[in-house]
Amino acid sequence: MVELKNVNVHYSSGVDALQDINLRINDGEFVFIVGGSGAGKSTLVKLMTREITPTTGRVFVNGYNLNKTKGNKIAKFRRSIGMVFQDFRLIQELNVYENVAFVLRIADQSTRFIKQRVPYVLNLVDLAGKARSKPKELSGGEQQRVAIARALANDPGLIIADEPTGNIDPRLSYEIVELLKDINRSAGTTIIMVTHEHDLVKHFGGRIINIQDGAITFDDNIGGSDEDE
Amino acid sequence: MRTSNVTYLVKKGISSVWKNLLMSFASFSILMVSLLLVGCSVLLMMNVNTIMKNIEDTNEITIYLKEDVSEKQVTHIRSVLEKNTDITEVTYYSKEQALEDFRNNMAEYSELLDYLDDNPMPETFLVRVADLSKIRHVVNTISEIEGVEKIKAPYDFASVLLQIRNTFTLIAGAVLLALVVVSIVIVSNTIRTSVFARRNEISIMRYVGATSAFIKTPFFVEGMFIGILAGAAAWGLTWLVYDSVSSLFSADLTLWQMFGFYGLIPFSDIMWIVLAVNCGAGALLGAVGTVFSTGKYLKV
C-alpha cells in the first residue's frame, strides 16, 4: 500500500514541486499517474522510492514510514519494490541473465535460488531465449522487458514504472503495458505507471491520477477503449 | 552475507584491478616503493637494535672505591646499588681479586707486581644497567654515594649510538610518513577512477536496494588486493637488497665486532615476519586509500 498524507515538497531552488498531496493506492491496484513535464510526477516517484523525503507530510510505502527510513533500511525497503525506468538502466557489460541475477545477489539470495529464479522471470517476460544476449543486442522493447524481469526478480508487492514506454516504439508500448497488466492480474502486484502518453492511458483505462503544477487535479476510474471493444 | 555472495564481490573487486590496469599499476608501483623502504628501514632498525643490545649486554660501569673505605661502607654501597632499579647486576671485586685479575690479564708483567709492597688496586664494583639511555643518570646517582672515588662508564659511545638511532628514526619516520601519504592519495585516485567507471552500475545498485557495504566491498577488495600484491613484490625486492648488503659484511668483522656488531640477522630468520608485515601494511594502505575515495562519493 502506498499512502501520502498532506505532502509538500519544496526544493531549495525555490520551486514548490508538490503541494498538499493526499493519495492512497491499495494493494493490487493498477494506477496510471499522468501529467505534463514539470508537473511533479518525477518528484512523486522520488518520494515513493525514498530518494527524497517530503518537506512536510508523511509517506508510507509497503509498511515503511519513509520519513523515518534511513541507512541500510532504505536498501531493504527498495528490495521490496520493483523499479522500471524510461532509460531501462541495464548494466551494459552484463548479459540479460546476469542483469536479473544481479538484484538477487544484492538481496543476498543463494546461488541455487538465483539459478531457479532467473529463468523463471525471464520466461514471464518471454525472453528465455535471450538470456545470454547483451543489452546492446536487444531492441528497446526487449530491453524494457529485461528491466521488468529484473523488477520482478525479488517478487515485490509493488512495481513503480517511470515512463516505461518513453523510449520505445509506440507499437511496442502497448505490449509493455499489457505485460504490466498481466503481472498485476496474475500475481496481484500493485503497479504504479507514470506516463505522459494519453493515448495509452485512454486505451487501457482504469484509475488515473492527473498531476498538474504540483497538485492532484483528477483521481478517478475511467473506462478504457480496449474494454469497449 | 552469504559466502557465495562474498565470493562474488571479491571476484568483482579483483577483476576491477585488471580493467583499471594503468591506474592499478601506478598504485602498485608507489605502494611497492613505499613498502620496500618500510621493509628496509625495519630491517635496519632491527639490526641497529641488535647492536645496541650487544653493547648493552657488555655494558659495564666500573665503580672504584676510596682507599680508606671501611667494610661497613662497602656493605652499604652494595645495598644501595642493589636497590637501584636501573641496575641489573652488581659484582664486587676485593683488592685481592682485582690484583689477581690484573695479574692474569697482564701475565707478561706479573713479576713486576711482586715488587709492590702494598696492593695498589682499589676495591671495585662492576654494575650493569638495563637501559643504555639511563646510563648517565645511573652514574650521577652512584657518584653521590659516600666512599666512591671514581666511576668509569662507556656513556660516550652509548650516547653517540643513541643519537644515531634517534636521528635515523626521525628521518626514516618523516620519509615514511610522506610516502604513506603519497601512497594513500594514489590508491584513492585509482579507486576513484574505478568508482567513476562504474558510476552507472552503482546508481542502478542503489535503486535495486544494494546496501552501502555491498556497493563498497569490491572497491575495498580492489584497493587491498593491489596493496597485498605490492607488499609481496616489495618483500622479494627487500630480500634481494638485504642479501647483497649481507654479503658486504660477511668478509671480515673484526673491526665491527668492537662496536658490538656480529653480522646481520639472517634473512631466513625473519623472512615470514617481513612478508606478513609487508602484505599487512599494503592491505592497510589500500583500505585507507579506498576509504578516502568511497566515503564521500558512495552514499546510498
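1. Start with a helix in chain A: α1 (residues 41-48) lies across β1 (2-10), β2 and β4 of that chain, and runs at about 120° to β1(A). Helices (H or I, at least four residues) and strands (E, at least two) are DSSP runs, numbered from the N terminus. Angles run from 0 to 180 degrees between N-to-C directions, with axes as lines fitted to C-alpha atoms, for helices over the stretch in contact. Contact between two residues means that their C-beta atoms, placed from the backbone, lie within 7 Å.

2. A word on ground rules: this is a predicted model, where local features need pLDDT of at least 70 and side-chain atom pairs count only at pLDDT 80 or more, while totals for chains, interfaces and linings use all residues. Residues are numbered from 1 along each chain as its sequence is written, and chains are lettered from A and ligands numbered from 1 in the order in which they are written.

3. Now the sheet in chain A. Its four strands make an open, antiparallel sheet in the order β2-β1-β4-β5, where pairing requires that DSSP finds at least two bridges between two strands. The edges are taken by β2 (16-25) and β5 (64-65) of chain A; each has a single partner strand, so one side of each has no neighbour in the sheet.

4. Walk through the pairs in that sheet. β1(A) and β2(A) run antiparallel, joined by six bridges, and Val9(A) sits opposite Leu18(A) in β2(A). Their hairpin has five residues between the strands, and Gly14(A) there has a positive phi near 105°. On to β4(A): five bridges pair this strand with β1(A), again antiparallel, with Val2(A) bridging to Val61(A). Finally, β4 (residues 56-61) and β5 of chain A pair in the antiparallel sense over two bridges; Phe60(A) has Asn65(A) in β5(A) as its bridge partner.

5. Over to chain B, which has eleven helices and four strands. Its radius of gyration, taken over C-alpha atoms, is 30 Å, well over the 19 Å that the globule rule gives for 300 residues, so chain B is more spread out than a compact globule. (The globule rule is 2.2 Å times the number of residues to the power 0.38.) The C-alpha trace of chain B spans about 100 × 40 × 35 Å along its principal axes.

6. β2(B) and β3 (residues 124-129) of chain B run antiparallel with six bridges between them. Tyr93(B) stands opposite Thr124(B) in β3(B).

7. Where do the chains meet? 15 residues of chain B are in contact with 16 residues of chain A. On the chain B side, α1 (3-19) and α8 (199-207) each supply at least two residues, and α8(B) gives the most, with four. That side of chain B divides into nine nonpolar, four polar and two charged residues. Here Ala, Val, Leu, Ile, Met, Phe, Trp, Tyr, Cys and Pro count as nonpolar, Asp, Glu, Lys and Arg as charged, and the others, Gly among them, as polar.

8. A residue is buried if 20 or more other C-beta atoms lie within 10 Å of its own, exposed if 12 or fewer, and partly exposed in between, with C-beta atoms placed from the backbone. Met205(B) has 24 such atoms within 10 Å. Neighbours within four places in sequence aside, Met205(B) is in contact with Ile106(A), Ala210(B) and Ile215(B). After α8(B) comes Gly209(B), with a positive phi near 90°.
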